[in-house]
Amino acid sequence: MGTTATRLTLDYAFHIIGLEMVWLKVLEPNAAGRRAYAKAGFQEVGTMRSAGQWRGRRCGEVVMDAVPEDFPAISVFEEKDERLL
Ligand SMILES: CC(C)(COP(=O)(O)OP(=O)(O)OC[C@H]1O[C@@H](n2cnc3c(N)ncnc32)[C@H](O)[C@@H]1OP(=O)(O)O)[C@@H](O)C(=O)NCCC(=O)NCCS
């Protein structure tokens, strides 16, 4: 579900409103988040050390970015438009 929601967000960002780049940060120990965002089309670009907290302990925050060239999905919005024609 997280992967699908993130992929739809990037689809909207790149195909509907034409953003050139989207970035996020995620706590370093959040393996499910990092995996979901990577599957959706984000790449990890670096870690801000000791920038966050996870279960009461300091941890890094991973910065991830996505650009249209890397985005693998065909737009669901375009598919929907074609069905309406
Ligand atoms: C982050 C979050 C949105 C991801 O949503 P999700 O529905 O779990 O995402 P998906 O199921 O699409 O993908 C998660 C992936 O991480 C994997 N995963 C889950 N827990 C994992 C763990 N502890 N270690 C490694 N991988 C893990 C899953 O197996 C899946 O990968 P796969 O499809 O290759 O098997 C969800 O876990 C969540 O709401 N977490 C709590 C709040 C949060 O972290 N928000 C984000 C803040 S940046």
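Predicted model: local features only at pLDDT ≥ 70, side-chain atom pairs only at ≥ 80, totals over all residues.
Student: How many helices and strands does the chain have, and in which order do the elements run?

Tutor: Helices (H or I, at least four residues) and strands (E, at least two) are DSSP runs, numbered from the N terminus. Here the chain has three helices and three strands. From the N terminus on, their order is α-β-α-β-β-α.

Student: How is the sheet to be read, and what is the order of its strands?

Tutor: Strands of a sheet pair through backbone hydrogen bonds, either parallel or antiparallel. Two strands count as paired if DSSP finds at least two bridges between them. In this chain, three strands form an open sheet with the order 1-3-2 and antiparallel pairing. Strand 1 and strand 2 stand at the edges with a single partner strand each, so one side of each has no neighbour in the sheet. From one strand to the next, the twist averages 25 degrees; axes are lines fitted to C-alpha atoms, for helices over the stretch in contact, and angles run from 0 to 180 degrees between N-to-C directions.

Student: How many bridges join the strands, and which residues are partners?

Tutor: Strand 1 (residues 22-27) and strand 3 (residues 57-66) run antiparallel and are joined by six bridges. Val 26 has Val 62 of strand 3 as its bridge partner, and Leu 27 has Glu 61 of strand 3. Strand 2 (residues 43-54) pairs with strand 3 over eight bridges, also in the antiparallel sense. There, Gly 52 stands opposite Cys 59 in strand 3.

Student: What share of the chain is buried, and which residues form the largest nonpolar core?

Tutor: A residue is buried if 20 or more other C-beta atoms lie within 10 Å of its own, exposed if 12 or fewer, and partly exposed in between, with C-beta atoms placed from the backbone. Of the 85 residues in the chain, 15% are buried. A nonpolar core is a set of buried Ala, Val, Leu, Ile, Met, Phe, Trp, Tyr and Cys residues joined through C-beta atoms within 7 Å. The largest one has nine residues, namely Leu 10, Phe 14, Val 26, Tyr 37, Ala 40, Phe 42, Val 62, Met 64 and Ala 66. Helix 1, helix 2 and strand 3 each supply at least two residues of this core, and the largest share, three residues, comes from strand 3.

Student: Which residues does Ala 40 touch?

Tutor: Two residues are in contact if their C-beta atoms, placed from the backbone, lie within 7 Å. Not counting residues up to four places away in sequence, Ala 40 touches Thr 3, Thr 6, Arg 7 and Leu 10.

Student: Is Val 22 buried or partly exposed, and which residues does it touch?

Tutor: Val 22, which is found in strand 1, counts as partly exposed because it has 19 C-beta neighbours inside 10 Å. With residues up to four places away in sequence left out, Val 22 touches Leu 10, Ala 13, Asp 65 and Ala 66.

Student: Which residues surround the ligand?

Tutor: A residue is near a molecule or strand if its C-beta atom, placed from the backbone, lies within 6 Å of it. The ligand is surrounded by Met 1, Gly 2, Thr 3, Val 26, Asn 30, Ala 31, Ala 32, Gly 33, Arg 35 and Ala 36. Helix 1 (2-16) and helix 2 (31-40) each supply at least two residues of this shell; the largest share, five residues, comes from helix 2.

Student: Where does Arg 55 lie, and is it buried or exposed?

Tutor: Arg 55 is found in the loop between strand 2 and strand 3. Arg 55 has a positive phi of about 50 degrees although it is not a glycine, and is exposed, with 7 other C-beta atoms within 10 Å.

Technical notes:
Residues numbered from 1 in each chain as written.
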